[in-house]
Amino acid sequence: MWFWLSLKNLFRNPRRTFAILITIAIGTGALFAFDGFINGVLKELKYDTIHSNYGYGQIHPLGYREMVYEKPMDHWMGNGEELEAYLYSVAGVENVFPRVSFSALLKSNHTTIGGSGQGVHAEREAEFFHSLNVEEGEMLRSQPSGILLGKGLANALQVKPGDSVKVTATSNKGYLKNGNFIVTGIFHTGSSDFDGRVFRIQLPEAQKLLKTSKIEHVSLGLRSDADWPAVATSLHTAFPHLEATPFDVLDKIYYQNSVNWLKAQFAVVQVIILSIVLLGIFNSISSSILERKQEIGNLRANGESRVEIMRMILTEGGLIAFVGSLLGLLGAYTILTFFVHNGLMMPPGPGQTKEFVVTFSFEWPMVLVSLALSMLAALIASYFASFKVARLSIASALRAL
Amino acid sequence: MLFNTAYIIICINLFGFSLLSEKILYKSIGLKFSYPLEKEKVAAIQGMDFEIPEKSFVTISGPSGSGKSTLLNLLGLIEPVQEGKLFLLGQEIGRMSEKEKNRVRRYQVGFIFQQFHLFPILTAEENIQYFLTRQTLPKQEVAARTKEALELVGLWEHRKKRPSELSGGQKQRVAIARALAKQPEVIIGDEPTASLDQKNGKGVMEILKEFVERGKTVILTTHDSMVQSFGDMNLHLVDGRIEGGGNVVLA
């Protein structure tokens, strides 16, 4: 019946109970919404990282990424076809994108500038790497002499689609090799660094320039990122001299640091929201308890222990927190799903040049975490509010006005 | 009275305390209690020796500040024993753990407060049931005791009413029913009739007298001669001492 008493106590002062409920609901709703927002940003960030350049991960010769070689091409993979065939047989692998990357000089009528070239199977990559937003012209697909330029690079070269660009690269043997390409399109990914140095040509054209048939790395398109660990393990077993690296490690500076930064930001906001909720509940429950000192004295005089008094108050706090949290979660979900379902237009993030839309992305664990955090805050507030009155002597409680 | 004290002391020496404790509900030896006031201590009970047998109706009278409520609180295990000894059914209260004291309060002591202290959010019936469920009684027993107690105080028809819907006299009768339903060894009341008119006050006292006739004990503080007239004995306090001084045995 103590539970019944706790429940009934919530209806003792409906206005105050309503105020606590609203405090908790707003707090929980805000936590949930912000979590959904951050999750949306992270998903957007992840999606962009995967579909702009890295894929879900890449395969390199073992140790290749950490080493600086005098002749890197000597360490490239010569068994590209065998590897490709194997990868397509692994569950979860949907796309295999062999690539080479190289440094080159790009020359237009106006200027010469250094760039970072990628030789790709353009037709195959066009669908997957769609985060390369083609601003002018068209995507590089099957055009054999086409070149796709990053926006910054195109600006520096002062070229537009249809213009010619001469690419000079150092071949496998150390000779300079030239190739003439026609600008098919100009892309931007949002990352100014990437857009300012990267260009893409067809893989065979790049291999011709470099005088090699090897590939430097393979980017992978998977069914989902959950497939990555199994794919990496499978590859390591079949090709021990190769290593598979996921996109978040490949793009640690940008992606992983952004994730960490956003999560840290979320943690700070979380603490602030929870502190407000905690203080709000503490204040309300404290006043409620102060009004009931004599009743609590009566309970103690009739055999209730201090722990039982605290349990009763904690139950009240827990009940109201549970109901308030559910209201908050439901309210936030309803508002965001029905009124902000198109997402929010956000200004460019750190290191980015374009605006992006963030949709609130909710997952079940977030419901549980928001609920648990709000209830924890309510229980902590109830604990501190009840602690003093439970320690009060029975006589003092009974004498209280 | 002095002869009785001497007799009891002899009994303690000859037969041991446990033999004697079967008939003694409370026994006090050199009981003192003081309240802290800044750096000073204000003595409320200045050394009391008494015994209260079972099945007695005791009233405690005296002017304001004489220590009536403090004594009642000590008997109800509401205040801790600071100095001296106080026994309840042979068990020294000062040596009881907090858990034991809670058990005694839950099962053996019933309280009636001047301000009733009913739960405003519970009905009359629920106010009684609450402490019975805390005694972990079966549901049927809880229902039966609640009905019996409310019928005894004449409020069965009002069982669904909340305290705010009851008069002062009715509230006090609910408080009495609550104490009676616990079936404690002793009911302790701090001026339970103070906020009632003469008629309601007398009604309350008759209910308590009936409780004593069932073999239980009632101890009340009062200023009212009508209440004192119901008592088997009266303990008059002055300045934290029993009037007349020395050892007193109420038997």
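Q: I'm new to this one. How many helices and strands does chain A have?
A: Counting such elements is a handy way in. Chain A of this predicted model has 14 helices and twelve strands.

Q: And what about chain B, how many helices and strands are there?
A: Chain B comes with nine helices and eleven strands.

Q: What does the radius of gyration say about chain A?
A: The idea is to set the value beside that of a compact globule. With 401 residues, such a globule would be near 21 Å, but chain A has 31 Å. You can look at the spans too: along its principal axes, the C-alpha trace of chain A covers about 100 × 45 × 35 Å.

Q: How is chain A divided into domains?
A: Domain 1 takes in residues 2-49 + 255-399, while domain 2 is 63-240. Notice that domain 1 is written as two stretches of the chain. As for spacing, the centres of these two domains of chain A, taken over C-alpha atoms, are 50 Å apart.

Q: What share of the residues is buried in chain A?
A: Here a residue counts as buried when its relative accessible area is under 20%. In chain A, 52% of the 401 residues are buried. For chain B, the share is 53% of 251 residues.

Q: Which part of the accessible surface belongs to carbon and sulfur atoms?
A: You read a total first, then the share. Chain A has an accessible surface of about 18,700 Å², with 61% from carbon and sulfur atoms. Chain B has about 11,400 Å², and carbon and sulfur atoms supply 50% of that.

Q: How do I read contacts against the sequence in chain A?
A: Take pairs in contact and ask how far apart they sit along the chain. Of the contacts in chain A between residues at least 6 apart in sequence, 78% link residues at least 24 apart.

Q: Can we zoom in on one residue? Where is Pro246(A) found?
A: Pro246(A) lies in strand 10 of chain A, which runs over residues 242-246. Leaving out residues up to four places away in sequence, Pro246(A) touches Tyr56(A), Gly57(A) and Trp228(A). By comparison with another position, Met346(A) is 100 residues away along the chain, and its C-alpha atom is 27 Å from that of Pro246(A).

Notes. Residues numbered from 1 in each chain as written. Chains lettered and ligands numbered in written order. Predicted model: local features only at pLDDT ≥ 70, side-chain atom pairs only at ≥ 80, totals over all residues. Heavy atoms only, no water. Helix = DSSP H or I, 4+ residues; strand = E, 2+ residues; numbered from the N terminus. Rg over C-alpha atoms; globule rule 2.2 N^0.38 Å. Buried < 20%, exposed > 50% of the residue type's maximum accessible area, 1.4 Å probe, protein only. Contact = heavy atoms within 4.5 Å. Areas by Shrake-Rupley, 256 points an atom, 1.4 Å probe, with all protein chains shown as cover. Domains from an automatic or database assignment.
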